[in-house]
Amino acid sequence: MAAFTDILSSVYTELLDFLLFSLGLWMVFGKLKWKQRWMAWVPGLRIAALGRSVQLTREGILCGIMEVVSFVVGYFSKGEITDRFTLFLSLAMLVLLVLLVVYRLRIYVRLLRVFGMKKRWILVWIFFDWLVLMIIGFGKKFQPVELPEPEDWEAGTAPAEISGAENVHFRPAAESGLSVDLFERTAKDFGKTHYLLKDISLDIPKGSLVLLLGGSGAGKTTLVNAIIGYEKAKARMTLNGADIYKDYAHMKYKIGFVPQKNLMRGNDTVLQTVDDAAELRLPSAVSTAERKSRVQEVMDLLGLSAGASGLVCKKSGGQLRRISIAMELVSDPELFVLDEPDSGLDGVIAREIFSKLRAIADEGRIVIVITHTPDRVIDLFDKVIVLARDSGRVGRLAFYGSPQEARDFFGKETMEDVVMSVNSKEQGGEGLAEHYIERYAALAAATEGGAAT
């Protein structure tokens, strides 16, 4: 009797779970304008339909097939394992379940993005999938947003074959300046390898102000993160002869990075903000007098001394960017990287910011800048790096040289036109990325040392 009660309870629980999951999915399909909502009630078909509704058709179909197959395999492998065939079925069942979980998670994460929910909801989904579907389906505040097709936002899984692109490697690192020799930068997503960058090799001399250009998805921020060691790639990165990756614990203090967003306390004064940054970033061996001297030197260089006692929250956009720069510059880095330091600033203020960066580079540092409005200050730059996305959606090096060499190479007068020449036609560009990637690879290979400098 007890055994019968246990079986009945198990059946009741599974039936309730099925009904709640299907009802939640039926409501979700309604919000997604899915015409065949009845699929929410059919095992196998429902996960395939969900995958297709969030633009992951392949994953949905595979999940649907595996769900059916796992049910069949599970049915035949029930009972005690008494022979090799049953053992084989049990192992096959385990493999299928693992694959099913992986592909389902990909679909669920995508669905959370569609409805603007945080990724942490996936933890609830793992244990109570029906609950998340019910919340999305019946919650009025959760409405779908249009996301780009996966082909547009996902990194590539198969880099394009470009003649000569790999020939830029296997050269000695420069003894001074920044030497970048990146073979590839990949990322794993539920067991799937995505290629973000490939075959980027260049040397940047000391005292250079460098512009990093590229269209959306070309990998500008990814390259910067790889160079500074924040997200390591399969690469060799050296700064003035020292290996950034192998000696990262020491080298990270020689690198300054200014992100797009200003990160500082509004109720502190400018002097307090820069002095606190110095106390955090300078070695403990530096005396208080030396630290204060360094802070004053940086404040003078960036024109912050006159308003040193003013509150940060009272400062203009241009002044905030200068304070952000000072917070990193105070540690006296050899490499200085800035992500859109002129974002939201007018031409006059932007010019002022870049003039300060020019002065910083002239002190013997390397300064790399990402900006979407390069032409108003292009005369201040020594070098230009142009990244382009190949047909496999992988960021590659399309050019490295002086601004004038870039104009000659691309046959364009402005840097904005240079970017448009390597952007895809879907982005309004000329779609010539692979042409220039291959052409530059040939130029770099012909240059002594294997890469243009």
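The following legends describe close-up views of a predicted model.

**Figure 1. Overview of the chain.**
The predicted chain contains 16 helices and 10 strands. Of its 453 residues, 48% are buried. Among contacts between residues at least 6 apart in sequence, 66% join residues at least 24 apart.

**Figure 2. The buried side of helix H14.**
Helix H14 spans residues 403–410, and its buried residues are Pro403, Ala406, Arg407, Phe409 and Phe410. These residues lie on the same side of H14, because they cover an arc of only 165 degrees around the axis. Just after H14 comes Gly411, which takes a positive phi of about 70 degrees.

A pair of aromatic rings is described by the distance of the centres and the angle of the planes. The structure holds eight aromatic pairs. One of them is formed by Phe409 and Tyr436, whose ring centres are 5.8 Å apart and whose planes make an angle of 50 degrees, so that the pair is classed as tilted. Phe409 belongs to helix H14 and Tyr436 to helix H16, so the pair ties together parts that are 27 residues apart in sequence. Phe409 is buried, with a relative accessible area of 7%. Tyr436 is likewise buried, and its relative accessible area is 7%. Ring pairs also link Phe409 and Tyr436 with Phe399, Phe410 and Tyr440 into a cluster.

Side chains of opposite charge can pair when their charged atoms come close. A search of the whole structure finds 18 salt bridges. One of them joins Asp181 and Arg236, with the closest N and O atoms 3.9 Å apart. Asp181 lies in strand E1 (residues 178–189) and Arg236 in strand E4 (residues 234–239), so this pair ties together parts that are 55 residues apart in sequence. The accessibility of each partner is given here as a relative accessible area. Asp181 has a value of 2% and is buried, whereas Arg236 has a value of 23% and is partly exposed.

**Figure 3. The salt bridge of Lys198 and Asp199.**
The side chains of Lys198 and Asp199 meet in a salt bridge, with an N to O distance of 3.1 Å. Asp199 has a relative accessibility of 8% and therefore counts as buried.

The side chains of Asp379 and Arg351 meet in a salt bridge with an N to O distance of 2.7 Å. The pair links distant parts of the chain, since Asp379 and Arg351 are 28 residues apart. Asp379 is found in the loop between strand E8 (366–370) and E9, while Arg351 is found in helix H13 (residues 347–362). At 53% relative accessibility, Asp379 is classed as exposed. Arg351, at 30%, is classed as partly exposed. Elsewhere, salt bridges that share partners join Arg294, Glu297, Asp332, Glu363 and Arg365 into one network.

Arg291 is part of helix H11, which covers residues 288–301. Its relative accessibility is 13%, so Arg291 counts as buried, the limit for this class being under 20%. When residues up to four places away in sequence are not counted, Arg291 touches Asp275, Ala278, Glu279, Leu282 and Val286.

Leu123, Ile126, Phe127, Phe128 and Leu131 make a nonpolar surface patch of about 530 Å². Helix H5 (residues 121–127) contributes the largest share of this patch, namely three residues. Phe128 is located in the loop between H5 and helix H6 (129–138). With a relative accessibility of 44%, Phe128 counts as partly exposed.

Terms used: Residues are numbered from 1 along each chain as its sequence is written. This is a predicted model: local features need pLDDT of at least 70, side-chain atom pairs count only at pLDDT 80 or more; totals for chains, interfaces and linings use all residues. Side-chain values use heavy atoms; hydrogens and water are left out. Buried means under 20% relative accessible area, exposed over 50%, partly exposed in between (1.4 Å probe, protein chains only). Helices (H or I, at least four residues) and strands (E, at least two) are DSSP runs, numbered from the N terminus. The arc is that of the directions from the helix axis to the C-beta atoms. Contact means heavy atoms within 4.5 Å. Patches are made of residues with over 30% relative accessible area and no salt bridge: like charges are joined within 9 Å, nonpolar side chains (Val, Leu, Ile, Met, Phe, Trp, Tyr) within 5 Å. Accessible areas come from the Shrake-Rupley method with a 1.4 Å probe; for residues, only the protein chains shown count as cover. A salt bridge is a side-chain nitrogen of Lys or Arg within 4 Å of a carboxyl oxygen of Asp or Glu. Rings of Phe, Tyr and Trp (its six-membered ring) pair if their centres lie within 6.5 Å; planes under 30 degrees apart count as stacked, over 60 as edge-to-face and the rest as tilted.
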